[in-house]
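Please look over the sequence and the model shown here. A short briefing on selected features follows.

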There are 2 protein chains.
Amino acid sequence: MTKADISLKGTKVQPLKKPRTELEPGARRRKKFDDKRQFILETALSVFSKYGFHGTTIEQIANSADISKTNLFYYFSNKEELYLTILENILNDWLKPITVFEEVDDPEDVLKNYIRLKLELSRDQPEASRLFCLEIIQGAPILKGYLENELKSILQDKSKVIESWVSKGKIKPINPIQLIFFIWSTTQHFADFNVQVKAITGKDLSNKKFFEETCSAIQQLIIDGLKRPRL
Amino acid sequence: MTKADISLKGTKVQPLKKPRTELEPGARRRKKFDDKRQFILETALSVFSKYGFHGTTIEQIANSADISKTNLFYYFSNKEELYLTILENILNDWLKPITVFEEVDDPEDVLKNYIRLKLELSRDQPEASRLFCLEIIQGAPILKGYLENELKSILQDKSKVIESWVSKGKIKPINPIQLIFFIWSTTQHFADFNVQVKAITGKDLSNKKFFEETCSAIQQLIIDGLKRPRL
DNA sequence: GTCTATATGGCGATAGAC
DNA sequence: GTCTATCGCCATATAGAC
């Protein structure tokens, strides 16, 4: 294993327990523990997304979270576990929007809706988007298996929806996967290349007007680009 | 300066001398020196693009280039100089395609041409694209100044071309910067997210059929998306 | 749970022989 | 120009007191 590889190493990453509603004995303590863990996770996401796994030190994270280095090791047994837990959480959020693809609906509504949801994700979770991008760009050492299995099968499923639109003549012929890539790339660009966007336009998605302008620009381009040519 | 920051530190990065045609005394030796430097640069690009600046060790690069660690330090005085020289080279290639934007031309030709050139870059220099992306995503500590000045002014220039197309009614109204972002994001996606693309489609741009299919899908979507609505 | 040491190992960079 | 040996630093992680 080279320095640069990060693997699961058999580490079991236990998902965060949801805080319980009934406060049994010990529940309050557990909640406090979970809350602090959650807080560290959020802080760590922010740091990891700036400097990458290797560029980030435990001390940086500890400082940002206002705890000591050793204390951090009380909540996460090592750097990898911390990193993996974050990636796992990101993946869930990243996938949610795609559920809007349903055959019954009108393509225009579905596509507009999906584009907006993805762009909202770029606006509200830009750090998560960037960490995800960092992971993929470096060969997805952790997520590769996931991409080839779960993600692939989800996309095949959604592709059928798009194909049905094509065969019903609702949109013009296009490779469904290409269409999805197109939406992913244009929307994520505003999170991943945020610095470049801001350097050139002076704005980013947190600017409401810029968000709306961007959203409708992408929506229009895709909707109009998919209209069947008139005979 | 945190561990993760990489700055110019006043380091002057001297561009590689072009090998001379006339072989003066000492020229042959210099050429050999330059060639080896160039070879190290190419090897290092490959490694940096996989693991990032901090994830890459000098030893990895040296091994890949089949030289010793100390020998590498003979050609580059430190890790940063090596990294900076690479980034500088990338920037040049990255910008070349945009010169196709000229007002005199037909928008459809220009856009199709530009999309193809950018996609060729994603196909032929995917590692450079990924290293560039790594740099931007992490806040462009080195390139930020460049983005805000040179790149911004180039884009403002090219925007005028696009605006003239709009005002002449050749394409429908669109924010020129947004249009350029769309082309950048959709084409670079196939280099930066190459692993994801390959995991899902089983192919990448090195596959000729896939390249052509992708190229025309992007071209069509953008060209058709920009067509003026018929009255 | 949180703290003060401290062990351990890796990595960038240099010295100096050849 | 290339090599062997090594320095010095810094980051992860642990031990053990409180």
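This is a predicted model: local features need pLDDT of at least 70, side-chain atom pairs count only at pLDDT 80 or more; totals for chains, interfaces and linings use all residues.

**Briefing**

Ala140(B) is buried, at a relative accessible area of 0% (buried means under 20% relative accessible area, exposed over 50% and partly exposed in between, with a 1.4 Å probe and protein chains only). Residues are numbered from 1 along each chain as its sequence is written, and chains are lettered from A and ligands numbered from 1 in the order in which they are written.

**Two residues with positive phi**

- Ala140(B) is not a glycine, yet has a positive phi of about 50 degrees.
- Ala140(B) sits in the loop between helix 6 (126–137) and helix 7 (144–167) of chain B; helices (H or I, at least four residues) and strands (E, at least two) are DSSP runs, numbered from the N terminus.
- Asp66(A), also not a glycine, has a positive phi of about 60 degrees.
- The loop that holds Asp66(A) runs between helix 2 (58–64) and helix 3 of chain A.
- Asp66(A) counts as exposed because its relative accessibility is 70%.

**The surface near DNA strand D**

- DNA strand D is surrounded by 16 residues, and the closest are Lys69(A), Thr70(A), Lys79(A), Ser68(B) and Tyr75(B); a residue is near a molecule or strand if one of its heavy atoms lies within 4 Å of it.
- Of the atoms of DNA strand D that come within 4 Å of the protein, 61% belong to sugar and phosphate.
- By type, the residues of this surface are 5 nonpolar, 7 polar and 4 charged; here Ala, Val, Leu, Ile, Met, Phe, Trp, Tyr, Cys and Pro count as nonpolar, Asp, Glu, Lys and Arg as charged, and the others, Gly among them, as polar.
- In the side chain of Ser68(B), an N or O atom is 2.8 Å from a phosphate oxygen of DNA strand D.
- For Asn71(B), the distance from a side-chain N or O atom to a phosphate oxygen of DNA strand D is 3.1 Å.
- Tyr75(B) has a polar side-chain atom 2.9 Å from a phosphate oxygen of DNA strand D.
- Two or more residues of the surface near DNA strand D come from each of helix 3 (69–75) of chain A, helix 1 (27–55) of chain B and helix 3 (69–75) of chain B.
- Helix 3 of chain B gives the largest share of the surface near DNA strand D, with 4 residues.

**Annotated spans of chain A**

- An unreviewed UniProt entry places the feature "DNA-binding region" at residues 57–76 of chain A; UniProt positions are given in the numbering used here, feature names are shortened, and annotations may be inferred rather than shown by experiment.
- Residues 57–76 of chain A are 70% helix and 0% strand, and the end C-alpha atoms lie 14 Å apart.
- In the unreviewed UniProt entry, the feature "domain: HTH tetR-type" covers residues 34–94 of chain A.
- Residues 34–94 of chain A are 85% helix and 0% strand, with 23 Å between the end C-alpha atoms.

**How the two chains relate**

- Chain A superposes on chain B (RMSD 0.1 Å) by a rotation of 180 degrees with 0.1 Å of shift along its axis; copies are superposed by least squares on the C-alpha atoms of residues with pLDDT of at least 70 in both.
- That is the relation of a two-fold axis.
- Gly225(A) has the C-alpha nearest the axis in chain A, at 1.9 Å from it.
- Both copies use the same surface, as 98% of the contact residues of chain A recur in chain B; contact means heavy atoms within 4.5 Å.

**Three further residues**

- Phe193(A) lies in the loop between helix 8 (176–192) and helix 9 (194–201) of chain A, and counts as buried at 6% relative accessibility.
- Beyond its neighbours within four places in sequence, Phe193(A) is in contact with Phe132(B), Cys133(B), Ile136(B), Gln188(B) and Asp192(B).
- Thr187(B) belongs to helix 8 (residues 176–192) of chain B and is buried, with a relative accessible area of 0%.
- Ser206(A) is in the loop between helix 9 and helix 10 (208–225) of chain A and is exposed, with a relative accessible area of 64%.
- The C-alpha atoms of Ser206(A) and Arg123(A) are 6.3 Å apart in space, and the two residues are 83 residues apart in sequence.

Methods:
Side-chain values use heavy atoms; hydrogens and water are left out. A polar contact is a pair of N or O atoms within 3.5 Å; within protein, one must be able to donate a hydrogen and the other to accept it, and residues adjacent in sequence count only if both atoms are side-chain atoms.
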